[in-house]
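Please look over the model below.

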Amino acid sequence: MNNEQAISHELEVINQLTTATAVVNMPVSQLLNAPGNEALKAFFFTPVKERTLTGKRIAVIVADGFEEIELTGPVWYFKQLGARVDIVSPKFNPAPARFGLSYPDMSKTHVMAIQYLQPVGWIKFDYTADQIKVSDYDAVFIPGGAWNPDNLRYDKDVIKFIQDFNKSGKLIAGICHAPVVFASADILKGKRLTGYWNIQVDLKNAGGIVSDETVVTDGNLITSRHPVDVADFSKAVESWLIKK
């Protein structure tokens, strides 16, 4: 086999190992205008009149693969209410070279958003998980997205922070797939909670008492199931912080 034939053979193999590329995007407006989401649309488009969370500080812990509206929605609402919100990510930890991956430069300062497993954008984080302290925050929440919690639950700084935050009695909240991070932190035994349908068995196996509700509050833990529950989730966090 000469050099030209070898190159042709390699290209043929690569083509068989490569799937077709496509760009799919679901504008947030499409989600808000979908039938059945009228209450969610009203939540975002009704002006916020009272700054009920002025003086509160909230940490959002997030990694690549977070569900866009599950971060941007609550963050928007909490800021409208006067809270300070910090985006916190694990330290940049690229895969081993043998994985053959490449990363854009912004991976060191941003995390990637998805919409139902479709990458859609990036958001800049303020701190890494090793830079924050429990005493700095009144609440912590984790958005969902199938990849994001899986990335977080492997990070030692994230797990320790969640465990320490839970010991403080301050609010811990998670939506969609996020509660699997709490399972890894071993804080779910005997707790009532909910989560995305695919992970409910994992939450039960971690000792949780799982129900299929839009939002469940048990002590200092608030959980929700899905992007369409963002409004109920956000209001539950607001209500908990007001009472405290």
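The report starts with the basis of the values and then moves through the chain's features.

This is a predicted model, in which local features need pLDDT of at least 70, side-chain atom pairs count only at pLDDT 80 or more, and totals for chains, interfaces and linings use all residues. Residues are numbered from 1 along each chain as its sequence is written, and side-chain values use heavy atoms, with hydrogens and water left out.

## Core

A nonpolar core here is a set of buried Ala, Val, Leu, Ile, Met, Phe, Trp, Tyr and Cys residues joined through side-chain atoms within 4.5 Å. Buried means under 20% relative accessible area, exposed over 50%, and partly exposed in between (1.4 Å probe, protein chains only). The largest nonpolar core has 68 residues, and Ile58, Ile61, Phe78, Ile162 and Leu188 touch the most other members. Helix α9 (residues 230–243) gives this core its largest share, seven residues. Helices (H or I, at least four residues) and strands (E, at least two) are DSSP runs, numbered from the N terminus.

Contact means heavy atoms within 4.5 Å. Beyond four places in sequence, Leu188 touches Pro179, Phe182, Ala183, Leu193, Leu203, Ala206, Gly207, Gly208 and Leu221. Ile187 is in the loop between α7 (179–184) and β9 (192–193). Its relative accessibility is 11%, so Ile187 counts as buried. Leaving aside neighbours within four places, Ile187 contacts Ile162, Asn166, Ile172 and Phe182. Ile187 and Ile162 are 25 residues apart in sequence, with C-alpha atoms 8.7 Å apart.

## Two helices

The expected span of a helix is 1.5 Å times one less than its number of residues.

| Helix | Residues in helix | Span, first to last C-alpha | Expected span |
|---|---|---|---|
| α4 (residues 68–80) | 13 residues | 18 Å | 18 Å |
| α9 | 14 residues | 20 Å | 20 Å |

Buried residues of α4 include Glu68, Glu70, Tyr77 and Phe78. After α4 comes Gly82, with a positive phi near 100°. In α9, the buried residues include Phe233, Glu238 and Trp240.

## Ring pairs

The structure holds ten aromatic pairs. Rings of Phe, Tyr and Trp (its six-membered ring) pair if their centres lie within 6.5 Å; planes under 30 degrees apart count as stacked, over 60 as edge-to-face and the rest as tilted. The Phe43 and Tyr77 rings have centres 4.7 Å apart and planes at 50°, so this pair is tilted. Phe43 sits in helix α3 (residues 38–45) and Tyr77 in helix α4, 34 residues apart. Both Phe43 and Tyr77 are buried.

Phe141 and Phe233 have ring centres 5.8 Å apart and planes at 70°, so they are edge-to-face. Phe141 is in strand β7 (residues 139–142) and Phe233 in helix α9, so the pair ties together parts 92 residues apart in sequence. Ring pairs link Phe43, Phe44, Trp76, Tyr77, Phe78, Phe141 and Phe233 into a cluster.

## Positive phi in loops

Most residues other than glycine have a negative phi. Leu117 has a positive value, near 75°. Leu117 is in the loop between β4 and β5 (118–124). At 47% relative accessibility, Leu117 is partly exposed. Asp186 also has a positive phi, near 60°. Asp186 lies in the loop between α7 and β9. At 48% relative accessibility, Asp186 is partly exposed.
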